[in-house]
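User: Hello! I am new to this structure and would like to learn how to read it. Could you take me through it step by step?

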Protein chains: 2
Amino acid sequence: MLSKKAQYAFRALGTLVRADLARRSQESDVDAAASDTPTSITEIVKVHPMSTKFLETILLDLKRGGILGSKKGKGGGYYLMKHPEDTPLAQVIRILDGPIAPLPCVSLHFYERCVDCNEAVCGLNRLMSEVRDANLAVLEQRSLADLAVDPDAPVAKR
Amino acid sequence: MLSKKAQYAFRALGTLVRADLARRSQESDVDAAASDTPTSITEIVKVHPMSTKFLETILLDLKRGGILGSKKGKGGGYYLMKHPEDTPLAQVIRILDGPIAPLPCVSLHFYERCVDCNEAVCGLNRLMSEVRDANLAVLEQRSLADLAVDPDAPVAKR
DNA sequence: CTTTTTCCTACCGGAATAGTAGGAATTTCG
DNA sequence: CGAAATTCCTACTATTCCGGTAGGAAAAAG
């Protein structure tokens, strides 16, 4: 199960994606940077009611993880560092919840050898690798862009 | 990530499956019941070193969950209630770790409505349903029998 | 130089995880 | 019968993790 942190992160990222799309479609200046129109924590909390302080730590994590950029001071806030399509959901989860794999010994990013088990012949290892791959097939393919998609709308092309 | 409970459970189930297969192949009496040759906790711990007391609670959980049967007293122990092929891995995980879905609002067996979110239009709900389905495609298909498979051996037919 | 924002460090209560302890109930076997 | 071997049951405990809070420092804008 995803932690509250990850759940809140996805909600917040949803509004950041919408802000990003809005900027790109409305902006007359082609070279407009995302950092020109950041979204503050206060604004996000207005849309998704939650603890401001808690969201603060979450967005900081996402910033340290390279997903968000920030601007301090008046008019400051957070913005996406990349196009929404270029941040897979897996990256968000790894930053906030750690491993996606069901076992440390089948994790790609947080691998730890398991004691008392020969991985080459361990049935559990093999099965849980399948589970991991099934997860990643979705989580590496789907991106922040998919968070903001209207399910009734035609598929968006980039 | 799977809990230690679930990990230990799979190890123990591995030896119970092997015992089950051995009984079926060696037994001359066709009507031999699994309850005739149960495997004790002590025997399991000999194969997979772990806390005896902890394993006790785990096997009890699996018994209450309908996966194992038991026999008390001298010569007693645990045995599979069904053919290994008929117990999907998902069932084991649900008993020991609860929900498989990444969010309560997309769980089939442990569903809980999420507050402040219209599931019909929630992008996260839709994406996490995909993740759940990807997981279940493996965990409902794969069974205890797959725990004991020799990876180099030809595929076993039932 | 005041206001608004992010950024940093530390803390805290409750729940969950990973066990442990002690004994009761049941079965087998000598 | 009585001893040994086993499961079964209830309760307890220690540690870690989760979810969140507190208080202020640093930076940017006007």
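User: How are H1(B) and H3(B) oriented to each other?

Analyst: A few reading notes come first. This is a predicted model, in which local features need pLDDT of at least 70, side-chain atom pairs count only at pLDDT 80 or more, and totals for chains, interfaces and linings use all residues. Residues are numbered from 1 along each chain as its sequence is written, while chains are lettered from A and ligands numbered from 1 in the order in which they are written. Helices (H or I, at least four residues) and strands (E, at least two) are DSSP runs, numbered from the N terminus. Axes are lines fitted to C-alpha atoms, for helices over the stretch in contact, with angles from 0 to 180 degrees between N-to-C directions. Angles under 35 degrees count as roughly parallel, over 145 as roughly antiparallel, 65 to 115 as roughly perpendicular and the rest as oblique. Here the axes of H1(B) and H3(B) lie 10 Å apart at an angle of about 80°, and the two helices are therefore roughly perpendicular.

User: Which residues make that contact between H1(B) and H3(B)?

Analyst: Two residues are in contact if their C-beta atoms, placed from the backbone, lie within 7 Å. H1(B) brings Lys5(B), Tyr8(B), Ala9(B) and Ala12(B), and H3(B) brings Leu55(B), Ile58(B), Leu59(B) and Leu62(B). For classes, Ala, Val, Leu, Ile, Met, Phe, Trp, Tyr, Cys and Pro count as nonpolar, Asp, Glu, Lys and Arg as charged, and the others, Gly among them, as polar. By that scheme the contact of H1(B) with H3(B) has 7 nonpolar, no polar and 1 charged residues.

User: What is the overall make-up of chain A?

Analyst: Chain A has 5 helices and 2 strands, in the order α-α-α-β-β-α-α along the sequence. Its C-alpha atoms fill a box of roughly 60 × 35 × 25 Å along the principal axes. Among contacts in chain A with a separation of 6 or more, 65% join residues 24 or more positions apart.

User: Which residues are closest to DNA strand D?

Analyst: A residue is near a strand if its C-beta atom, placed from the backbone, lies within 6 Å of it. DNA strand D is surrounded by 24 residues, the closest being Ser3(A), Lys4(A), Ser51(A), Gly73(A) and Ser70(B). The surface near DNA strand D divides into 4 nonpolar, 11 polar and 9 charged residues. DNA strand C also has 24 residues around it, and the closest there are Ser70(A), Ser3(B), Ser51(B), Gly73(B) and Lys74(B).

User: Is Val106(B) buried or exposed?

Analyst: A residue is buried if 20 or more other C-beta atoms, placed from the backbone, lie within 10 Å of its own, exposed if 12 or fewer, and partly exposed in between. Val106(B) counts as buried because it has 22 C-beta neighbours inside 10 Å. Val106(B) lies in the loop between helix H4 (89-97) and H5 of chain B. Beyond four places in sequence, Val106(B) is in contact with Ala101(B), Asn125(B), Met128(B), Ser129(B) and Arg132(B).

User: Where is His48(B)?

Analyst: His48(B) sits in the loop between H2 and H3 of chain B. With 15 other C-beta atoms within 10 Å, His48(B) is partly exposed. Not counting residues up to four places away, His48(B) touches Arg11(B) and Ala12(B).
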